[in-house]
Amino acid sequence: MARKQLRKHRLFSSERPSSTAPNIPSEGASRPSADAPSVAGPSAKTSRKLFSRMGHLFHRSNQTRSEPLTTETTDTRIGSQVNDAQQAMVEMRPISQVLQTAVGLVGQADTAVTQIQSIQTILQPLKLFNSFVTTLSNVHPYVQFALGILTTASQLLINQANMDNEVFGLLNTVKDLYEFLMEKDTIENMDSMKETLRRISQEMSAAALFVIKYCKKKNILIRIGDSLVSDPQTVACGHIKNLGDLMQQYRDRAIRDIQIKMSHVLEDLNLEGMAYAAGAGLNTTKKCLEGTRTEILKDIINWITTCDVNAPRILWLHGQPGRGKSAIAHTIASWIKDVKAPGTCFCFARDRQAERREEKILTTIARDLADRDPAFRRALSNVVSNDHSLKTTCDVLQQWKRFILEPLSEINGEIVGNVVVVIDALDESGPETSRRQILGLLKSSEAAHLPANFRILLTSRPLPDIGRVMRDVPHVKATSLDDVPRELVERDIQLYVSKELDRFPGIGATEVQNVVKKSDGLFEWARLACEFIKPGKAGETSKERYDNLMALESKEGRTLLDTTYFEILKGGIPESGRGLERYHSVMRQVMMTLEPLPMAALNLMREKFPSKQEHYDIFLILEFMSPVLGGIVDRVSAVRPLHASFYDFLTDRSRSGIYFI
């Protein structure tokens, strides 16, 4: 008995020497095969040695766990069974063919554990990066958004347990990338290298998506650009090269044209025929001036990129006219598009109400998301393929359930990064009835339980019907631009006014500061003021126009914004006679057409007017209205009010007086 215990002690006390993490197997490394023929009749000594490895294997697996186990696990039981088997091996004769096969599998299991340890070594920098990002505060919001995508990509890889040799090389490069991103020199140059960081986040997103799809479905046909590839190694090597080139580009502080080609599973999906609101998307001319609104933009990016699964799914950004809500919305939408993140922007407009955009909002959003994410496109195609009537339905509730909720449920976990839907100017949809259903969906329990990476940024004025729904809803974060500290608003307005009035004679720092103070925190008034001061009328200098502007006061019940609108019109349109009559005729035509039209189309329409006295070039009137109307300077884009507040001003007789339309 003592001899048996001694033998058992010798078998289990031998331990492998400690070493560094094992190297990753090379692409051509051989693997043991269960089907390979084995040598007949191995000695009991050899068998005992193999069982010793097996016992050591399971014990080592348990030792690598991050938390102690309080109950007996499957691995522990197996390890105990292996101990018993070893004791029985002392007097055992040569093993059978079946047991030889089992021993071969033990060797494969040992290799598998080695690979698991290798993967854990690779993934460790990704875990550190995810913690590290939360400590960064003084970075540009654009950089913050790119870092958020990188965090999501790393978390997807951390959560993916089914890795193999085909992706080891790529994972090694990913490890190097995340270690590089945490280097001191990298951090210090993030703002200046934000374009390269954007490309890195884009490439990393594509690489993570490839790994996840490959591990779920090994035999896939991949499209890279215009080419079809069936070899995953080719795809992996492409990502390795791009990530390496981008890291070197960052080190060199240079910007080179590195082609990022998103790989995706080959699909032939047709979504043609789905209702789509043309012209309702992103308008980059409305973006914030670089360096302004940084605090509110950072707050929004923090909300978008947070890993908190309980974060509100909707952020309602509201404020009085002229506060800059649309500028912030279009800035966020622009960043989303730049980093190629899945997202979309849908805008309502007072002068496009005849198009009934509220009936197309969710079909448009769904089609945009399908264009940006192949998984969503596949899921959406599955929804409409057997029911073509859905493509043109005006039923917003059906659109919500079938075009948004169903596809998101089907592809849960397949989208890299956060999905961001921007809905701008909901208050301009029309009467309350036009948005009642939309508001009902936004406050619903389905909206509260959207996927943890789904965000809706909604902007509007705080109209009573919108406020009743959006306030005090747990899954809605309400943020008012009216509550932004005055010093921050004035700082941003000063940056804008300084840029716009730079190099005008007689306009210096004092004049700029006076314009800022008079703006009373309204970005739209500051924009109007700059347009008013710029030379545009014969016989007046910029300084004289500035003096006239400073003399304006709120009067006759008008706000300063209304007073400025009135003065701009008064400066170009006579207060009586033929000029005023033609103004009324032209502006009625501009504002009452079914949809905004460019100047050439408006002139062609005017040629059909019954009275020949109406056959004149409308530029006679509109050339004086460029501060308040778009489409005047370039004569190509549609003629329309530059801000909704001007539309409101013109259609309210108590505010616009003789210029009422």
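Visitor: Which residues lie nearest the centre of the largest cavity?

Guide: Leu-362, Trp-400, Ile-423, Leu-442 and Ile-456 do, and they belong to a lining of 13 residues. A residue counts as lining if it has an atom within 4 Å of a cavity point. Please keep in mind that this is a predicted model, where local features need pLDDT of at least 70 and side-chain atom pairs need 80 or more, while totals for chains, interfaces and linings use all residues. Residues are numbered from 1 along each chain as its sequence is written, and side-chain values use heavy atoms, without hydrogens and water.

Visitor: Why is this space called a cavity?

Guide: On a 1 Å grid over the protein atoms alone, a cavity is a set of points where a 1.4 Å probe fits but cannot get out. The search of the whole structure found seven of 30 Å³ or more.

Visitor: Which elements supply at least two residues each to the lining of the largest cavity?

Guide: They are α12 (361-372), α14, β6 (419-424), α15 (432-442) and β7 (454-460).

Visitor: How do the lining residues of the largest cavity divide by class?

Guide: There are 13 nonpolar, no polar and no charged residues. Ala, Val, Leu, Ile, Met, Phe, Trp, Tyr, Cys and Pro count as nonpolar, Asp, Glu, Lys and Arg as charged, and the others, Gly among them, as polar. The second largest cavity, with about 60 Å³, has six nonpolar, one polar and three charged lining residues. Among them are Asp-351, Glu-595 and Arg-640.

Visitor: What makes α13 and α14 oblique to each other?

Guide: Angles under 35 degrees count as roughly parallel, over 145 as roughly antiparallel, 65 to 115 as roughly perpendicular, and the rest as oblique. The axes of α13 (374-384) and α14 (396-410) cross at roughly 125° and come within 9 Å, so the two helices are oblique. Axes are lines fitted to C-alpha atoms over the stretch in contact, with angles from 0 to 180 degrees between N-to-C directions.

Visitor: Which residues of α13 meet α14?

Guide: Phe-376, Ala-379, Leu-380, Asn-382, Val-383 and Val-384 do, and their partners in α14 include Phe-403 and Leu-408. Contact means heavy atoms within 4.5 Å.

Visitor: What about α20 and α21, at about 140°?

Guide: Their axes lie 8 Å apart, and the angle makes α20 (523-533) oblique to α21 (542-551). Trp-525, Ala-529, Phe-532 and Ile-533 are the α20 side of the contact.

Visitor: And how are α5 and α10 placed?

Guide: The axes of α5 (141-159) and α10 (294-305) cross at roughly 5°, so these helices are roughly parallel. Their contact includes Phe-145 of α5 and Leu-297 of α10, and divides into five nonpolar, five polar and one charged residue.

Note on methods: Helices (H or I, at least four residues) and strands (E, at least two) are DSSP runs, numbered from the N terminus. On a 1 Å grid over the protein atoms alone, a cavity is a set of points where a 1.4 Å probe fits but cannot get out, and a pocket is an open set with protein on both sides within 12 Å along at least five of seven lines; lining residues have an atom within 4 Å of a point. Grid points are joined across faces, edges and corners, and a volume is the space filled by probe spheres set on the points.
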